[in-house]
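These are my notebook entries on one structure. I wrote down what I looked up and what came back.

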Amino acid sequence: MTTVNSQQTTDDGQQTIDNGKVMRFIGFIKNWMLPIAMLAGVASYYIYVNIPALDGTHQVVGRLIGYVQPALLFCMLFVSFCRMSVRELKPRAWMLKLLAIQVVAFVALGLLIVWMPDVGSRVVIESAMVCMICPTATAAAVVTSKLRGNSNVVVSYTCLINLAVSLLVPAMVPFLHEGSMPGMTFELSFLIILAKVFPLLILPLVAAWFVRHLFPVFHAFILRQTDLAFHLWAVSLALAIGMSVKALEHSEESVENMVGIAVVSLVCCLAQFGLGRLIGRKHGEAVAGTQSLGQKNTVFAIWMGYTFLNPVTALAGGFYSIWHNVVNSWQLWRERKRMEDGKGDAA
């Protein structure tokens with residue numbers, strides 16, 4: 001009997017150790033999902049294009065990804081919005097300052113291209129446009145909470161900027177490509193782009209509201225899937241990075257322009273984090289302002305780049321993803337350090 005109990009105790013101890021290893025592995029995957037997803041996207045592309053037997057499928061797969069990527073973005077936003085209450089969406093007047101920064105920068109850079117269509121650094125300017133107009137990431141509210149900021153403010157601004165982007169991008173992009181599509185009027189271009197962007201950014205919010213009120217059982221099921229949005233984001237990011245690599249491989253852009261894209265994405269990232277903090281602090285919402293303006297839905301930025309602009313501009317979203325995660329990692333580390341030191345004020 002003693003031998004049986006001893007064996008059971010040993011087995012239970014081994015199971016506890018195994019469970020601990022599994023949890024640590026899962027934690028490692030979550031903490032490093034950004035580089036894992038990006039490496040997976042790069043590796044998948046090169047493996048796929050170097051399998052001779054799949055040569056005849058490239059065109060079909062490219063079209064398929066064109067449908068899958070927006071669908072994943074829709075689902076990711078839908079799941080995130082399902083966790084938000086309408087009461088959380090109250091806008092603040094000072095958010096208009098954040099909105100003005102994004103809108104004015106996007107329009108000014110667009111007009112620069114319209115007035116000087118043959119400018120040598122056009123791809124760098126388009127990259128800056130992508131970085132400046134990109135909506136706030138739904139994960140920004142989570143980071144804001146960890147930094148002890150007001151996540152409701154971030155939720156409100158996320159909805160506000162999504163609405164602005166869904167109208168502004170279709171209005172500006174046709175001017176950038178004027179003359180490249182013979183017979184395509186501005187009105188038709190606007191409607192075509194609107195049909196792609198509006199459902200992607202606004203309909204998830206509407207769908208989440210309907211599900212919350214009309215299908216409570218399904219809504220409760222969505223809420224129980226705590227990691228669903230995270231997994232969708234990882235798959236979307238891997239696909240987006242794969243498309244960025246494809247654009248890079250087939251591009252004839254100079255090394256200078258590639259370096260320029262990396263640099264301009266870094267400048268846009270630091271500028272928006274800085275301005276967001278400056279404006280937010282003035283209104284008592286330093287953390288929320290920083291995250292609202294600085295942390296971006298970079299999967300959308302990549303999709304926007306290779307769908308509506310020079311495909312190489314998709315790299316701007318990839319670079320921005322690295323920069324804003326570096327900034328957030330530093331902010332979270334600083335917050336942990338502050339808590340360990342016993343300092344109570346949020347950054």
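Is F210 buried, partly exposed or exposed? I looked up F210 and found it partly exposed, with a relative accessible area of 41%. Buried means under 20% relative accessible area, exposed means over 50%, and partly exposed is in between, with a 1.4 Å probe and protein chains only. F210 sits in helix 9.

**Entry: ground rules**

I noted that this is a predicted model, in which local features need pLDDT of at least 70 and side-chain atom pairs count only at pLDDT 80 or more, while totals for chains, interfaces and linings use all residues. Residues are numbered from 1 along each chain as its sequence is written, and side-chain values use heavy atoms, with hydrogens and water left out.

**Entry: the whole chain**

I found 15 helices and zero strands in the chain. Helices (H or I, at least four residues) and strands (E, at least two) are DSSP runs, numbered from the N terminus. Of the 347 residues, 44% count as buried. Accessible areas come from the Shrake-Rupley method with a 1.4 Å probe, and for residues only the protein chains shown count as cover.

I then turned to contacts, where contact means heavy atoms within 4.5 Å. Among contacts in the chain with a separation of 6 or more, 81% are between residues 24 or more positions apart.

**Entry: the nonpolar patch**

Which residues make the nonpolar surface patch of about 770 Å²? I listed L203, V206, W209, F210, L214, F215, F218 and F221. Helix 9 (203-214) and helix 10 (216-224) are the elements that give two or more residues to the patch. Helix 9 has the largest share, five residues. For such patches, residues need over 30% relative accessible area and no salt bridge; like charges are joined within 9 Å, and nonpolar side chains (Val, Leu, Ile, Met, Phe, Trp, Tyr) within 5 Å.

**Entry: aromatic pairs**

I counted pairs by a ring rule: rings of Phe, Tyr and Trp (its six-membered ring) pair if their centres lie within 6.5 Å, with planes under 30 degrees apart counted as stacked, over 60 as edge-to-face and the rest as tilted. The count comes to six aromatic pairs. W209 and F210 form one of them, edge-to-face, at 5.3 Å centre to centre and 85° between the planes. W209 is partly exposed, with a relative accessible area of 41%. W303 and F308 also form an edge-to-face pair, at 5.4 Å centre to centre and 85° between the planes. Both W303 and F308 are buried. Ring pairs link F300, W303 and F308 into a cluster.

**Entry: helix 14**

Why do I call helix 14 (residues 298-308) largely enclosed by the rest of the structure? Ten of the eleven residues of helix 14 are buried, so the helix is largely enclosed. The buried residues include F300, W303 and F308.

**Entry: helix 7**

I checked two residues here. T158 is in helix 7 (residues 151-176), and at 2% relative accessibility T158 counts as buried. Leaving aside neighbours within four places in sequence, T158 is in contact with T136 and A137.

L167 also lies in helix 7, but at 43% relative accessibility L167 counts as partly exposed. Not counting residues up to four places away in sequence, L167 touches F190 and L194. L167 and F190 are 23 residues apart in sequence and 9.0 Å apart in space, C-alpha to C-alpha.

**Entry: salt bridge**

How many salt bridges does a search of the whole structure find? The search finds one. A salt bridge is a side-chain nitrogen of Lys or Arg within 4 Å of a carboxyl oxygen of Asp or Glu. E126 forms a salt bridge with R122, the closest N and O atoms being 3.0 Å apart. Both residues lie in helix 5 (residues 122-133), four residues apart, about one turn of the helix. E126 is buried at 2% relative accessible area, and R122 is buried at 19%.

**Entry: cysteines**

I looked for disulfides, meaning pairs of cysteine sulfur atoms within 2.5 Å, and the count comes to zero. C134 counts as buried at 2% relative accessibility, whereas C75 is partly exposed, with a relative accessible area of 35%.
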